[in-house]
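Look at the sequence and the structure first, then read on.

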Amino acid sequence: DFMKKAKKYIYPLIFSICFYLLFGISYILILEFYNNYGGLGLALLFIILWILVATPIFCFKYSKHIYEEKRKFLFIIYNSLVISLCHTGPFLISAIPGNDADIIIKITLALFGWLALCTYVSYLIRINTIKEPNENNSSETEE
């Protein structure tokens with residue numbers, strides 16, 4: 001029971017760690033084969049695919065753990081906040097001495113919004129798919 005409760009708090013951190021591990025491995029591979037702007041393009045492609053493909057998949061899986069919670073909207077915010085800060089925090093820390101902090105803050109806010117949207121939509125999909133079989137079963141028994 002403790003692990004079931006802990007998953008809601010730990011999974012966003014594990015997802016962020018996986019991002020850095022996979023990005024680090026891909027960065028090393030990219031440097032090995034592409035030591036020019038092509039490597040930068042591949043790194044950006046990795047980040048875009050991570051945000052547009054891996055993140056919604058994770059949010060859908062995460063919604064499985066929070067759909068029965070009383071404070072599910074706090075977990076949606078928690079998930080979005082942890083992942084967006086973990087993904088952009090190191091860049092923000094290095095950008096503070098310069099003038100690039102406002103760009104990183106905007107990226108963080110956009111990522112937060114994307115994660116919140118993905119998690120909320122995934123939650124709504126999960127709730128609707130759970131309700132539909134119950135409604136279908138009840139209508140079949142009444143006939």
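## Aromatic side chains

One aromatic cluster is formed by Phe15, Phe19, Tyr20, Phe23, Phe46, Trp50, Phe58 and Tyr62. The model is predicted: local features need pLDDT of at least 70, side-chain atom pairs count only at pLDDT 80 or more, and totals for chains, interfaces and linings use all residues. Residues are numbered from 1 along each chain as its sequence is written, and side-chain values use heavy atoms, with hydrogens and water left out.

In total, the structure holds 14 aromatic pairs. Rings of Phe, Tyr and Trp (its six-membered ring) pair if their centres lie within 6.5 Å; planes under 30 degrees apart count as stacked, over 60 as edge-to-face and the rest as tilted. Phe19 and Phe23 are stacked, because their ring centres are 5.9 Å apart and their planes meet at 15°. These two residues are 4 apart in helix α1 (residues 2–33), so about one helical turn separates them. Helices here are DSSP runs (H or I, at least four residues), numbered from the N terminus.

Tyr120 and Tyr123 make a tilted pair, with centres 6.4 Å apart and planes at 35°. They sit 3 residues apart in helix α4 (residues 101–142), again about one helical turn.

Burial is read from relative accessible area: buried is under 20%, exposed is over 50%, and partly exposed is in between (1.4 Å probe, protein chains only). The table lists some values.

| Residue | Relative accessible area | Class |
|---|---|---|
| Phe15 | 8% | buried |
| Phe19 | 6% | buried |
| Tyr120 | 33% | partly exposed |
| Tyr123 | 11% | buried |
| Ile93 | 64% | exposed |

## Helix α1

Helix α1 has 32 residues, and its end C-alpha atoms are 45 Å apart. At 1.5 Å a residue it should span 46 Å, which agrees. The expected span is 1.5 Å times one less than the number of residues.

Where does α1 bend? The bend is at Lys8, by about 45°, and a proline, Pro12, follows within four residues. A bend is the angle between axes fitted to the seven residues ending at a position and the seven starting there.

The buried residues in α1 include Ala6, Lys8, Pro12, Phe15 and Phe19. Their cover includes α2 (37–66) and α3 (72–95). Phe15 lies in α1. Its contacts are Trp50, Ala54, Thr55, Phe58, Ile83 and His87, not counting residues up to four places away in sequence. Contact means heavy atoms within 4.5 Å. Phe15 and Cys86 are 71 residues apart in sequence, yet 9.6 Å apart in space, C-alpha to C-alpha.

Helix α2 has 30 residues and reaches 42 Å from its first C-alpha to its last, close to the 44 Å expected. A kink of about 35° is centred on Trp50. Trp50 is also one of the buried residues of α2, as are Phe46, Phe58 and Tyr62.

How many salt bridges does a search of the whole structure find? The search finds 1. The side chains of Glu69 and Lys8 meet in it, at 2.8 Å, N to O. Glu69 is in the loop between α2 and α3, Lys8 is in helix α1, and the pair links distant parts of the chain, 61 residues apart. A salt bridge is a side-chain nitrogen of Lys or Arg within 4 Å of a carboxyl oxygen of Asp or Glu. Lys8 is buried at 6% relative accessible area, whereas Glu69 is partly exposed at 24%.

## Two further positions

Thr119 lies in helix α4. Is Thr119 buried or exposed? Its relative accessibility is 0%, so Thr119 counts as buried. Thr119 touches Cys59, Tyr62, Ser63, Ile66, Ile76 and Asn79, not counting residues up to four places away in sequence.

Ile93 lies in helix α3. Ile93 and Glu32 are 61 residues apart in sequence and 28 Å apart in space, C-alpha to C-alpha.
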